[in-house]
Amino acid sequence: MDTAETTSAPPARDRTPTWRTVQPWLTLACRVGLAVVLITAAVSKYPPALSVQAVEAYDLLPTDLARLIGYTLPLFELALAVLLLVGLATRYAAAATTLLMIVFIAGIVSAMARGLSIDCGCFGGGGQVDPEETTYGLSIARDIGFAALGAFIAVWPRSPFALDRPLGLFR
Amino acid sequence: MGSAARQRSRERLKEQREKDKRKASRMRTLAVVGAAAGVVVLIVGIGYAVLNSDRSGSEFDGALAPQVVQDDGSVVMAQSGVQAPVVEVYADYQCPACRQFELLNGDVLKETAASGEAIVHFRPVSIFAQQPVPISSNSLRAGAAARAAADHGVFVEFNDLLFANQPTEGAAGFTTDELKEWFGETGASEEAAAAFGERVDSEAAVVTQFTEDYLPALTEDAVEQIGQENLSTMVLSDLLAWGAEHGHDPSFLDGTYTGEIIDATGTAYTRYSGDNAFRATPSVYINGELLDNSTAMTVRGLNGAIEDASAGEVQTEPLADAGGAE
């Protein structure tokens, strides 16, 4: 009888022994890497008044909403970093991070499409820059990279040093 | 038959066990995701409360300290004869970060000036004067209008209105009609409003001439004769001085508030040196020391810096005929 075997068998990609040993460490590396990125992004957005200005530069949101996001976005980034670092709800924190990156990319593309010349404000800064100083391509490529890290974690959430494990998730 | 029935019941049991296991696992996932969501709410909530804690009750609606126009067009807001740190604020009306500074710390300036804890020295500049129209023209028109409002003793009120209504960078705005309307909101007399309106119209004409005819022609010549490289190191007032000697007479700016704010901007670049050098707006100085962003751009930071500073000297003289409407 191998019904039990087939119902609980891991997907094919997890079957090779090397992958099974390497993947958790890769996931851990992605968790730490992404957390460092998020913390850097959050801290460099201080003080919030400048972060608000960076959001306003996108010219997409009403003043009050821009202000709220200017204040809370760095905190949200910080919270995601904490979850990734301690490994709590790893898959979902990583998926949320990837979604956030996609929202960022959409924002940058929209600024680009409307011919704005702004700094993305990804790591502090933000606001108007000279047209020849825009770095939209770089910012988008960077965010795609971060989104990929998040996607890797979301697909393969199993990793050492994660609170999820004693709680019974992604063992 | 019996064995088949046993087999079926075994399978049912197993199915049930699987179902229970799946359910337990779903519950575990849900609990963990819930805990994670709780962590996010906690961090964002507490962080937001902390970041805003210094703002609560900082709304200032008392009487403003007296405002005195200075000989360079800047404005000092302070109780008369008070000994206090001098807080200099350099801002461009088209600069979004200046707007954020004003929205955040405008009340701190008013409050500390009213209570005699600070001498607030507003120094409007136009760092955008060489940007493309309408960024340059918005910046200059607003700067000139603020100076005109100062003639009627309502600089601070008008300054607030300009920042509250700042056009998006690159969009047209600060039209003469808008400027006049906002001036009316400061509670100025009809007589003052007429004088202000006249001044704003004439300044707007100067701004148009400057940004659309004079400066493009001057820049083109300067690029040809001294090169883009050298040009980019020159502040606007130096460029105007060069123009005066090379067939671009800037005398139409004489006596205008537009010319005055261009001069004030050029002077700002030479007023401080080293770490205190004026580079961008907003720049906030206390007794000549440049504040960093986390000090100037937080309520707690600015309040603390004012509290810690000793009394200073205002570096300008009041305008000779300051006070009355012209």
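# A guided tour of chains B and A

Start in chain B by selecting its six strands, which form an open sheet in the order S1-S2-S4-S3-S5-S6, with mixed pairing. The edge strands are S1 (67–69) and S6 (289–290) of chain B, each of which pairs on one side only. Please keep in mind throughout the tour that this is a predicted model.

**Stop 1: strand S3 of chain B**

Now select S3(B), where six of the six residues are buried, so this strand is largely enclosed by the rest of the structure.

**Stop 2: strand S4 and its two partners**

One pair to look for is Val87(B) with its bridge partner in S4(B), Val120(B). Then select S2(B), residues 75–77, which pairs with S4(B) in the antiparallel sense over three bridges; here Val75(B) has Phe122(B) of S4(B) as its bridge partner. Strands of a sheet pair through backbone hydrogen bonds, either parallel or antiparallel.

**Stop 3: His121 of chain B**

Stay in strand S4 of chain B and pick out His121(B), which has its place there. Is His121(B) buried or exposed? The cut-off for a buried residue is 20 or more other C-beta atoms within 10 Å, and His121(B) has 23, so it counts as buried. Leaving aside its neighbours within four places in sequence, His121(B) is in contact with Ser74(B), Val76(B), Val86(B), Val87(B), Glu88(B), Val89(B) and Val314(B). For a contrast in position, select Gln7(B) as well: from C-alpha to C-alpha, His121(B) and Gln7(B) are 91 Å apart in space, and they are 114 residues apart in sequence.

**Stop 4: helix H10 of chain B**

Next select helix H10 of chain B, residues 299–308, and colour its buried residues, which are Val299(B), Gly301(B), Leu302(B), Ala305(B) and Ile306(B). An α-helix has 3.6 residues a turn, so residues three or four places apart point the same way. What covers the buried residues of H10(B)? The cover includes strand S3 (86–91), helix H2 (96–114), strand S5 (283–286) and helix H9 (293–296) of chain B.

**Stop 5: chain A as a whole**

Move to chain A, which has six helices and two strands, and follow the chain from the N terminus, where the elements run α-α-α-α-α-β-β-α. Along its principal axes, the C-alpha trace of chain A spans about 65 × 30 × 25 Å. Of the 171 residues of this chain, 42% count as buried. Among contacts in chain A between residues at least 6 apart in sequence, 70% join residues at least 24 apart.

**Stop 6: two helix pairs in chain A**

Select H3(A) and H4(A), whose axes come within 8 Å and cross at roughly 120°, which makes H3(A) oblique to H4(A). The crossing of H3(A) and H4(A) is right-handed. Residues of H3(A) including Val52(A) and Val55(A) meet residues of H4(A), among them Ile69(A) and Leu73(A). By class, this contact has eight nonpolar, two polar and two charged residues.

For the second pair, select H5(A) and helix H6 of chain A, residues 136–155, whose axes come within 8 Å and cross at roughly 160°; that makes H5(A) roughly antiparallel to H6(A). This crossing of H5(A) and H6(A) is left-handed. By class, the contact of H5(A) with H6(A) has 16 nonpolar, five polar and two charged residues.

**Stop 7: where the chains meet**

Finally, show both chains together and select the place where 28 residues of chain A are in contact with 24 residues of chain B. On the chain A side, the elements that give two or more residues are helix H3 (48–57), helix H4 (63–86), helix H5 (90–113) and strand S2 (127–128) of chain A. Which of these elements gives the most to that side? It is H4(A), with eight residues. By class, the side of chain A that touches chain B has 20 nonpolar, five polar and three charged residues.

Terms used:
Residues numbered from 1 in each chain as written. Chains lettered and ligands numbered in written order. Predicted model: local features only at pLDDT ≥ 70, side-chain atom pairs only at ≥ 80, totals over all residues. Buried ≥ 20, exposed ≤ 12 C-beta atoms within 10 Å, placed from the backbone. Helix = DSSP H or I, 4+ residues; strand = E, 2+ residues; numbered from the N terminus. Contact = placed C-beta atoms within 7 Å. Nonpolar A, V, L, I, M, F, W, Y, C, P; charged D, E, K, R; others polar. Axes fitted to C-alpha atoms, helices over the stretch in contact; angles between N-to-C directions. Parallel < 35°, antiparallel > 145°, perpendicular 65-115°, else oblique. Left-handed = near helix turned anticlockwise from the far one by under 90°. Pairing = 2+ DSSP bridges.
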